[in-house]
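I opened this model to look up a few local features. My notes follow.

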Amino acid sequence: MKGKISRLAVVDVCLDGVASAQNEYCNMSGGDWVCWAPEYFITTTIARCLHQAKGSKYVTIENGAYDALDYAGAVGKGRLHGDIRSNGRFDLLLWWAKGDPRAVIEVKNRVFNKTQYQSDLKRITGVLKRKKSQSSIEFGAFAFYTAADDSSSKRSHEILEQRIETIKNNAQEIVGDDFKATLHISDIVIEDTSSWFAGCILVEHT
């Protein structure tokens, strides 16, 4: 299909991918939630959903970070910031149809603590800062799955509602004033004494 996929459409597809991974794993396992599955299962499900989504683009899995920056025209001179982890790999790389990298997408399973997404958000901002006037990379996203059980004092959905506010505040603090971190979530799904939701943080230049 002609025409690029919009940023918000990418976010929606990420949310759908996380939810699809949850539902598919629950069906195939006889009831286990995707929090018990390898993170890679969510990553590959999102990749398939992105591939099938309307709009022109390409997507690669576990793309080398340095190669991605090189293709994007973002290497240039000078040392790459350590936050980028240029010797590692990006979980997903979204490409423009013309063949240049467009967005870095990191994926995380079982998110409940700031330390689980801080380094990924710093990595995304590090990529977006790098040679931004020349780079073809225009945004980043952090897609995740999170769940909770009832506690002695709170229902599971109340725990997740509080978690949403915490993640929202932490995300903006982590990316800093030069970037906008917008949290998008699916509905909270409640099953007996447990709940879950899919989330995606869109990171853009301000």
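Where is the place of Lys 131? I found Lys 131 in the loop between α4 and β4 (139–149). The model is a predicted one, and I kept that in mind throughout.

**Entry: backbone angles**
I looked up phi for Lys 131 and got a value near 50 degrees, which is positive in a residue other than glycine. Most residues other than glycine have a negative phi. Lys 131 is partly exposed, at 28% relative accessible area.
I then checked Arg 110. Its phi is near 55 degrees, again positive in a residue other than glycine. Arg 110 sits in the loop between β3 (101–108) and α4 (118–129). With a relative accessible area of 42%, Arg 110 is partly exposed.

**Entry: helix pair**
Next I took α1 (residues 7–29) and α2 (residues 39–52). Their axes come within 8 Å and cross at roughly 125 degrees. That angle makes α1 oblique to α2. The crossing is right-handed. I listed the contact residues: α1 supplies, among them, Val 10, Cys 14, Ala 21 and Met 28, and α2 supplies residues including Phe 41, Ile 46 and Leu 50. By class I noted twelve nonpolar, three polar and two charged residues in this contact.

**Entry: Leu 183**
Last, I turned to strand β5 (residues 179–185), where Leu 183 lies. Is Leu 183 buried or exposed? Leu 183 counts as buried because its relative accessibility is 17%, under the 20% cut-off. Leaving aside neighbours within four places in sequence, I found Leu 183 in contact with Phe 144, Ile 164, Ile 167, Lys 168, Cys 200 and Ile 201. I also checked Lys 129: 54 residues from Leu 183 in sequence, and 20 Å away in space, C-alpha to C-alpha.

Key
Residues numbered from 1 in each chain as written. Predicted model: local features only at pLDDT ≥ 70, side-chain atom pairs only at ≥ 80, totals over all residues. Heavy atoms only, no water. Helix = DSSP H or I, 4+ residues; strand = E, 2+ residues; numbered from the N terminus. Buried < 20%, exposed > 50% of the residue type's maximum accessible area, 1.4 Å probe, protein only. Contact = heavy atoms within 4.5 Å. Axes fitted to C-alpha atoms, helices over the stretch in contact; angles between N-to-C directions. Parallel < 35°, antiparallel > 145°, perpendicular 65-115°, else oblique. Left-handed = near helix turned anticlockwise from the far one by under 90°. Nonpolar A, V, L, I, M, F, W, Y, C, P; charged D, E, K, R; others polar.
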